Amino acid sequence: MKRPTKSLKTAAAAGAALLALFSGAPGWSERAAAQQPAARGAANTDGLDVQKLRDNVYLIAGAGSNIVAQVGPIGVVLVDSGNTESAPRVLAAIRRITPLPVRYIINTSMDRDHVGGNQVLTASGLSILPGAVVAGAGLDDALVSNAGKASVLAHENVQTRMSEATGAAAYPFPLWPTKTFAFHAYSMYLNGEGFRIIHQPAAHTDGDVIVELRRNDVIVTGDVIDTTRFPMIDVARGGSVQGLLDALNRLMDMTIYNLPIQWNDDRTLLVPGHGRVYDKLDLLEYRDAITVVRDRVADLIKEGKNLQQVKAANPTLGYRSEYGTDRGEWTTDKFVETIFAELSKKPGPAAARVN
Ligand SMILES: [Zn+2]
């Protein structure tokens, strides 16, 4: 390995060389790289930021939702597909990683910025056994579905919500999953990777899954974690604050930190629906922040405070600048209103369940 030397003409070149130096070695570099998407994305001109998280796992950011690409001998398994507008650029980014086809997409929810690329990306790809379309009977429907294109897996509630949506909110049929499951979890082995897809019944929506890449120890959380704002609770589509906390507690159970050897950087990586990659310590702080805000609102309700008084008491104090936002449709105010509405429906907050 070469060290950057004085012969490098600019600081930018030195920075790039340092990044290149770090990128080859496991260690602190992974976390540093994951947290500095701008630095890594500098080479891209298409607005997307592609980060290598593990030897064969990539994060593609900037296409609406985060997209994770796991690459192996049969091609590419994607978790989420971003928004529709970005799909051609996402496909180009995948092509820069590998010439192999997209084989499978797993959707973490029915949100448009997570499923919008399904059509373009499945059409560019290939079923796992394309010949099975003709051969037909006796094979798993994950192999034979979607007319030779790549398959899309999601929880059944994703398909239900998509099929219920009408008018401007309707989902074009090519965005729908081609395979759904209705039970707690679905597992499969593809590309040398064990994928565990675990339903979170009422978190961000009622169709959320978290996707664990067991061999690589990466967990794609969908919008159960959103590092750009407080987690969006889509009550109209079955989301709940308690369900979201349940999901975060489940993630705490599944995630491993770099203990007891603290100078070793091995750790579980958590890829959120939006924003930077988390580790267990980040998750702990995020889970605690949401728990504390929920508990503060619960206490204020017990004191008989109404929504306006609860807001005036500033229950997100200490967390607002780190997690909150006043821009966009999901503001800190909305988050507090949603907690208030959920807790006001019940005699008191249910005890946090660790499932
Ligand atoms: Zn999202």
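1. Asn191 counts as buried, because its relative accessibility is 10% and the cut-off for buried is under 20%. Its place is the loop between strand 8 (185-190) and strand 9 (193-200). The backbone deserves a look here. Phi of Asn191 is near 60°, a positive value in a residue other than glycine. Please keep in mind that this is a predicted model.

2. Asp217 also has a positive phi, near 55°, and is a residue other than glycine. Asp217 sits in the loop between strand 10 (208-213) and strand 11. Is Asp217 buried, exposed or partly exposed? With a relative accessible area of 22%, Asp217 is partly exposed, because the class runs between the under 20% of buried and the over 50% of exposed.

3. Now the chain as a whole. The protein chain has 14 helices and twelve strands. It holds 355 residues, and 51% of them are buried. Take the contacts between residues at least 6 apart in sequence: 64% of them join residues at least 24 apart.

4. Ile225 counts as buried, because its relative accessibility is 0%. What does Ile225 touch, leaving aside residues up to four places away in sequence? The list is Leu248, Leu251, Pro272, Gly273, His274, Tyr278, Leu283 and Tyr286. Leu248 and Leu251 are residues of helix 10 that also take part in its contact with helix 11. Leu283 and Tyr286 are on the helix 11 side of that contact. As for Leu270, it is 45 residues from Ile225 along the chain, and the two C-alpha atoms are separated by 8.9 Å.

5. Leu259 and Pro260 are joined by a cis peptide bond, with omega about 5°. Pro260 is in the loop between helix 10 and strand 12 (269-274).

6. Next, helix 10 (residues 241-254) against helix 11 (residues 280-302). Their axes are 10 Å apart, and the packing angle is about 155°. Helix 10 is therefore roughly antiparallel to helix 11, since angles over 145 degrees fall in that class. The crossing is left-handed. Helix 10 brings Val241, Gln242, Leu244, Leu245, Leu248, Asn249, Leu251 and Met252 to the contact. Helix 11 brings Lys280, Leu283, Leu284, Tyr286, Arg287, Ile290, Thr291 and Arg294. By class, this contact has ten nonpolar, three polar and three charged residues.

7. Helix 11 also packs on helix 14 (residues 332-344). Here the axes come within 10 Å and cross at roughly 55°. Helix 11 is therefore oblique to helix 14. This crossing is right-handed. From helix 11 come Ile290, Val293, Arg294, Val297, Ala298 and Ile301. They meet Phe335, Val336, Ile339, Phe340, Leu343 and Ser344 of helix 14. How many nonpolar, polar and charged residues does the contact of helix 11 with helix 14 have? The count is ten nonpolar, one polar and one charged.

8. Helix 11 links these last two points. Ile290 and Arg294 are listed in its contact with helix 10, and both are listed again in its contact with helix 14. With helix 10, the crossing of helix 11 is left-handed; with helix 14, it is right-handed.

Key: Residues numbered from 1 in each chain as written. Predicted model: local features only at pLDDT ≥ 70, side-chain atom pairs only at ≥ 80, totals over all residues. Heavy atoms only, no water. Helix = DSSP H or I, 4+ residues; strand = E, 2+ residues; numbered from the N terminus. Buried < 20%, exposed > 50% of the residue type's maximum accessible area, 1.4 Å probe, protein only. Contact = heavy atoms within 4.5 Å. Axes fitted to C-alpha atoms, helices over the stretch in contact; angles between N-to-C directions. Parallel < 35°, antiparallel > 145°, perpendicular 65-115°, else oblique. Left-handed = near helix turned anticlockwise from the far one by under 90°. Nonpolar A, V, L, I, M, F, W, Y, C, P; charged D, E, K, R; others polar.
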